[in-house]
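Hello,

Here is the structure I promised to pass on. Please open it beside this email and follow along as you read.

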Amino acid sequence: MSLLVFGMVLALLLPILVVCRRTDVWHRLAAFASVSTKVAMVMLVVSVVRDDWMVGLVGVIVLSVGNGAVMLLANLLQGVEG
Amino acid sequence: MSGALLADAPGVLAALAQGASAVLLGLGLLFWFAGSWPLLGRASYLTKLHYLGISDTLGSALMLLGLLLRFQREWPLLVLALLSLVVWNTIFGYVLAACSQPRRRP
Amino acid sequence: MSRLIVIALRMLIWLLLSADPELLNVAIGLAVSLALPLPRRVRALSPGQFWRALGESVTALPQAYSQAARLLLHRRLEESVVHDEPARVGGRASSVLVFLDVFRITLTPFTIALGLEGGGRRYRVHELVFEEKER
């Protein structure tokens with residue numbers, strides 16, 4: 001299981017790398033969304049492995065609410081650009 | 001003979017579930033890498049969104065299924081995560097795609 | 001029908017989140033999901049339409065996996081087109097139906113819905129097409 005967590009963190013580095021480069025704001029937004037989902041998944045896996053209900057609850061909440069925030073940002077950005 | 005086989009059935013089932021969950025987890029990780037890799041390239045924004053849909057929605061769903069097979073004790077949490085992940089992430093891809101288009105004047 | 005779906009969804013989330021099937025807990029969940037404000041005006045939705053759309057969304061899941069496998073195996077594609085797909089329920093569709101349709105279109109990796117056009121008569125869909133298929 002620790003191998004799985006290691007691989008997940010490695011995959012998490014890819015969108016972080018994209019965010020750190022200078023790119024279009026939309027690409028950056030998509031990368032941030034990916035980071036949000038992946039962090040929540042890492043949280044869930046760690047919680048299940050450690051058998052900790054509360055951390056898992058936080059993971060589920062991050063999974064749903066974190067994406068909602070990026071959604072709002074996208075709407076705002078469309079209003080600014082259009 | 002068959003009695004021994006029947007008595008051993010839970011063990012066999014558990015081993016099968018372990019193997020299947022390992023396969024699912026590995027496949028999910030593979031989807032993550034394969035779907036995130038095009039982000040580094042020079043593809044168009046919408047194409048990247050297609051790949052992100054693969055990696056984040058489908059790959060994560062596979063991982064959650066693998067976890068569900070392995071740890072049955074926390075199933076309500078995992079089922080909730082699976083539901084919210086699939087629905088929410090899909091709609092999220094739609095919102096990102098729709099918002100990146102310039103708004104049309106009616 | 002739409003209101004019923006909303007209440008059922010709230011109950012489902014409550015029960016999964018608390019993971020406690022006692023009578024008191026269920027009663028609290030039911031009370032809360034009834035007390036939260038409901039959408040005031042909903043468009044008519046027949047159960048037949050709802051079940052068909054839900055079934056199509058669920059069958060889109062295995063399709064999505066097969067398409068994902070094909071997309072990952074064929075690295076050479078990159079022919080993206082935007083086209084219109086007619087919505088089956090013209091005009092004033094219920095929001096639940098529109099939600100399920102957008103979900104079904106966006107879930108499959110080849111297509112992403114871009115919005116609803118023409119007063120809800122058709123969806124704009126962005127689609128990836130293989131180069132080999134074109135020639």
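**Chain B**

In chain B, among contacts with a separation of 6 or more, 65% are between residues 24 or more positions apart. Keep in mind that this is a predicted model. Chain B has four helices and zero strands. Along the sequence, the pattern reads α-α-α-α. Chain B holds 106 residues, and 53% of them are buried.

**Chain C**

Chain C has five helices and three strands. Its pattern along the sequence is α-α-α-β-α-β-β-α. Of the 135 residues in chain C, 37% are buried. Take the contacts in chain C with a separation of 6 or more: residues 24 or more positions apart account for 70% of them.

The size of an interface is often given as the accessible area lost when the parts come together. Between chain A and chain B, the buried area is about 3,800 Å². Carbon and sulfur atoms give 76% of that area. On the chain A side, Leu14(A), Val48(A) and Met71(A) lose the most area to chain B. Together they make up 16% of what that side buries. In terms of contacts, 41 residues of chain A touch 43 residues of chain B.

How many salt bridges cross the interface of chain A and chain B? The rule finds one. The partners are Lys38(A) and Asp56(B), with their closest N and O atoms 3.2 Å apart. Lys38(A) is in helix H2 (residues 25-50) of chain A, and Asp56(B) is in helix H3 (residues 45-70) of chain B, so the pair joins two chains. Are these two residues buried or exposed? Lys38(A) is buried, and Asp56(B) is buried too.

Side chains of opposite charge can pair when their charged atoms come close. Over all chains, the count comes to three salt bridges. Now turn to Arg104(C).

Arg104(C) forms a salt bridge with Glu56(C), and the closest N and O atoms are 3.7 Å apart. Arg104(C) lies in helix H4 (residues 95-107) of chain C, while Glu56(C) lies in helix H3 of chain C, so the pair ties together parts that are 48 residues apart in sequence. Arg104(C) also meets Asp101(C) in a salt bridge, at 3.2 Å from N to O. Both Asp101(C) and Arg104(C) belong to helix H4 of chain C. They are three residues apart, about one turn of the helix.

Why does Asp101(C) count as buried? Its relative accessible area is 2%, and buried means under 20%. Glu56(C) has 28% relative accessibility, so this residue counts as partly exposed.

**An aromatic pair between chains B and C**

A search of the whole structure finds three aromatic pairs over all chains. One of them is Phe31(B) with Tyr65(C): the ring centres are 6.4 Å apart and the planes are at 40°, so the pair is tilted. This pair crosses between chains, from helix H2 (residues 9-36) of chain B to helix H3 (residues 47-73) of chain C. Phe31(B) is buried, with a relative accessible area of 8%. Tyr65(C) is partly exposed, at 22%.

**The nonpolar cores**

The largest nonpolar core has 73 residues. Which residues have the most contacts inside it? They are Met8(A), Leu49(B), Leu64(B) and Leu96(B). Helix H3(B) gives the largest share of this core, 13 residues.

Pick out Leu64(B) on your screen. Leaving aside neighbours within four places in sequence, Leu64(B) is in contact with Met41(A) and Leu44(A) in chain A. In chain B, Leu64(B) is in contact with Leu78(B), Ala81(B), Leu82(B) and Leu85(B).

There is also a second, separate core of seven residues. Leu45(C), Ala53(C), Val96(C) and Leu97(C) are among them.

Best wishes

Key. Residues numbered from 1 in each chain as written. Chains lettered and ligands numbered in written order. Predicted model: local features only at pLDDT ≥ 70, side-chain atom pairs only at ≥ 80, totals over all residues. Heavy atoms only, no water. Phe/Tyr/Trp six-rings, centres within 6.5 Å; stacked < 30°, edge-to-face > 60°. Buried < 20%, exposed > 50% of the residue type's maximum accessible area, 1.4 Å probe, protein only. Salt bridge = Lys/Arg side-chain N within 4 Å of Asp/Glu carboxyl O. Core = buried A, V, L, I, M, F, W, Y, C linked by side-chain atoms within 4.5 Å. Contact = heavy atoms within 4.5 Å. Buried area = accessible area lost by both parts, 1.4 Å probe.
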